[in-house]
Amino acid sequence: MSTLSSGWYVLGEQVELFENEFAAYCGTHHCIGVASGLDALFLVLKAYGIGQGDEVIVPAHTFIATWMAVSNTGAAPVPIEPSQATYNIDPGKIEAAITDKTRAIIVVHLYGQPADMDRISEIANKHNLRVIEDAAQAHGASYKGRRTGSLGDAAAFSFYPGKNLGACGDGGAITTNDSGLHQQLQLLRNYGSSIKYHHDLIGYNSRLDEIQAAILRVKLRKLDEWNTRRQHLVRIYHDCINNNELTLPSAPSWASPAWHLYVIRSPYRNDYRKKLEKAGIETMIHYPTPPHASGAYINTHHIFMLPITERISSDIFSIPIGPHLNENDAVFIAETLSKKPAT
């Protein structure tokens, strides 16, 4: 109520407080609140001067916003196949795709699982490339004891309502230790202006509003507790799902995932989804159509051969995960999955 009664709804005290608190949570010097996760990625690329004629390495298996952020700058996304163990970008395939046009690597911590950042950063340093984290699904995840959002040159977060840290509408943020980037982004998100009606560059309207910032400040205090709850549910799934037709997700020893999604793989996906639906258990596919096969990219001049991505997309499905579930819910879902569909 205090935010509503203040009469200040854009770029005010609540946004500044949330930016400070979220930067501290992630372990970075700066945070910039913006309107969405897509805008967060796009604005980082623009601030680094990436555009027409440039190339950006992206995961082939990801939500399409990762690619769109690159395309919206005029640069070209260059997809890399995922590791079949983690579904994240395979570091061993990156270097072969680097050209003299490559400017950056976008690393997605897909489903809340941190990517192998040391190997990726080593490649980026060798070729003088920026490393940008797409941490839209990884709020609170950590890699070798460091939070996602602090592992690259900059990181983009989404606060879409379904995220581990979700607003009551759209929202996003960028975290970074780069003070120059921070200053540039403050201008870019606000019409290129730091003083009202004085515009130093061509900018955009992409601002986290005060009400969403106030909501996020409250929810941030609960994020670790909620993520711990997700981890407990994952242990139940791992212990109770017993079915050789299913491949369960796993995490390397150096990763502490946020478990935004719990993604199972099976050649009998449709049978299991129907079985779960009959039991009243909702499932989803993240994601049924890879970006390169979508209408947005199908007519580009690039012909992408991405068989691993296509195979994964044909097999995966997500089961419920989140702090709203109780132990009995998780056990029921696990027991339902452990029984093979009737043939």
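**Note on the cores and overall form of the model**

1. In this predicted model, Y111 touches H61, Y87, Q137, W259, H260, L261, V263, H286, Y287 and I316, leaving aside residues up to four places away in sequence; contact here means heavy atoms within 4.5 Å. Residues are numbered from 1 along each chain as its sequence is written, and side-chain values use heavy atoms, without hydrogens and water. Local features need pLDDT of at least 70 and side-chain atom pairs count only at pLDDT 80 or more, whereas totals for chains, interfaces and linings use all residues.

2. Y111 is also among the residues with the most contacts inside the largest nonpolar core, which has 42 residues, the others being L45, V56, I106 and I174. Such a core is a set of buried Ala, Val, Leu, Ile, Met, Phe, Trp, Tyr and Cys residues joined through side-chain atoms within 4.5 Å, where buried means under 20% relative accessible area, exposed over 50% and partly exposed in between (1.4 Å probe, protein chains only).

3. Elements that each supply at least two residues of this core include β1 (30-34), β4 (102-108) and α10 (307-315), while α3 gives the most, with seven residues. Apart from this core lies another, of 22 residues, among them C31, F157, L216 and L220.

4. The secondary structure of the chain comes to eleven helices and 14 strands, taken as DSSP runs (helices H or I, at least four residues; strands E, at least two) and numbered from the N terminus. Buried residues make up 55% of the 343 residues, and the C-alpha trace spans about 70 × 50 × 35 Å along its principal axes.
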